[in-house]
Amino acid sequence: MAYKFLMTAPTLGAAGQQVLTDAGCQVDYLVDSQDTSEVERKMASTAYDAVISRTVTLSEQAIAACPSLKVICKHGVGVTNIDVNAATLRGIPVLTTPATNAQSVAELTIGLMLAASRHLHFFQQEILQNRWTRSSVGGELYGKRLGLVGFGEIGQRVARIAQAIGMTVSFFDPGLPEDVQHPNITRLHRFDDLLPVSDVLSLHCPVNNATREMLNQTALAYLPERAVVINTSRGELIDEAAFVAALRSGAVAAAGLDTFAVEPLPADHPFRSFDNLILTPHIGGSTQAALDAVARSAAQQCLTYLNEQTFASRACVNPDFKSNKELTS
């Protein structure tokens, strides 16, 4: 059967396009990848079977406007832009593509860690201003303590690279079974215990009621002096006002941020004023290899559900939503 898909971006990776073409599907794309009203107009005017959701908001209004909709798959893993409750009320599974972009995000994490630790942004700006400042600002990662908040596919890959650099690694992840341990890596069972042993703190967890603004004024005070913070997960994990204060005071020596509470980052955001802050526009999973892998996974998962009403349990984010023929992950 030929299904109708909406991709909430102007393009879809070639591997995903091929999957849908081979299945005879029709695919519509957005003109403006950040236009919520365009999503709502399209979904009100076309009987879509599936939506592959990128970063623009997929609202309750959009979901309600398309009664034919049977499945949503996030192009990635973070679903804060999707009204999952609205989908659940209509019996629509919201799926993700776990692990498909893990290597790209892990490599960006390490890149931001190196750039922030060595204050590369500052030195580039010095050269651009015709200054040759050979300062000793910045430090090595060798021998430093890395704390990981979240130890899924991305966190584990970051840990392996960090160990190769010579860092010691600890992690906090309440979502893992209590007996899960990893060789040469320390598992801590309280976030407050991880903070004091994290010369570098890197965030790799979803946003929920327990994690939203978890890195707040109180948590920042537990970090070692002159800590480095990396966030390639979700901007909502950080209390940005408290983080600005920590950067200004020097409590946080440097940071690398790929995600923000509001995206695109507003023109007047105080983050733009720091020369010890590396900023990237949510590109963690945006290598060509990752985009193709994510697109292929999203297309295949949607087709599997449309044809068989099955999904992998670890890919579905709806609370208490189960298929009659649920697959194990």
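Before looking at any pair, I wrote down that a crossing is left-handed if the near helix is turned anticlockwise from the far one by less than a right angle, and right-handed if clockwise. I also noted that this is a predicted model.

Entry one, the helix pair. I looked up helix α5 (residues 102-117) and helix α7 (residues 153-165), and found that their axes come within 8 Å and cross at roughly 45 degrees. That angle makes α5 oblique to α7, and the crossing in which α5 passes α7 is right-handed. On the α5 side I listed the residues that meet α7, among them Val105, Ala106, Ile110 and Met113, while those on the α7 side include Ile154, Arg157, Val158 and Ile161. Sorted by class, the residues of this contact are ten nonpolar, two polar and two charged.

Entry two, the pocket. Which residues lie nearest the centre of the second largest pocket? I found Gly139, Lys144, Arg226, Val228 and Ala253 there, out of 15 residues that line this pocket. The lining has six nonpolar, four polar and five charged residues, and the space in the pocket comes to about 210 Å³.

Ala99, which is not a glycine, has a positive phi of about 75 degrees, and I located Ala99 in the loop between β5 (94-95) and α5. Glu263 and Pro264 are joined by a cis peptide bond with an omega of about -5 degrees, and Pro264 sits in the loop between β11 (252-257) and β12 (277-279).

Key:
Residues numbered from 1 in each chain as written. Predicted model: local features only at pLDDT ≥ 70, side-chain atom pairs only at ≥ 80, totals over all residues. Heavy atoms only, no water. Axes fitted to C-alpha atoms, helices over the stretch in contact; angles between N-to-C directions. Helix = DSSP H or I, 4+ residues; strand = E, 2+ residues; numbered from the N terminus. Parallel < 35°, antiparallel > 145°, perpendicular 65-115°, else oblique. Contact = heavy atoms within 4.5 Å. Nonpolar A, V, L, I, M, F, W, Y, C, P; charged D, E, K, R; others polar. 1 Å grid on protein atoms, 1.4 Å probe; cavity = no way out; pocket = protein on both sides within 12 Å on 5 of 7 lines; lining within 4 Å. Points joined across faces, edges and corners; volume = space filled by probe spheres on them.
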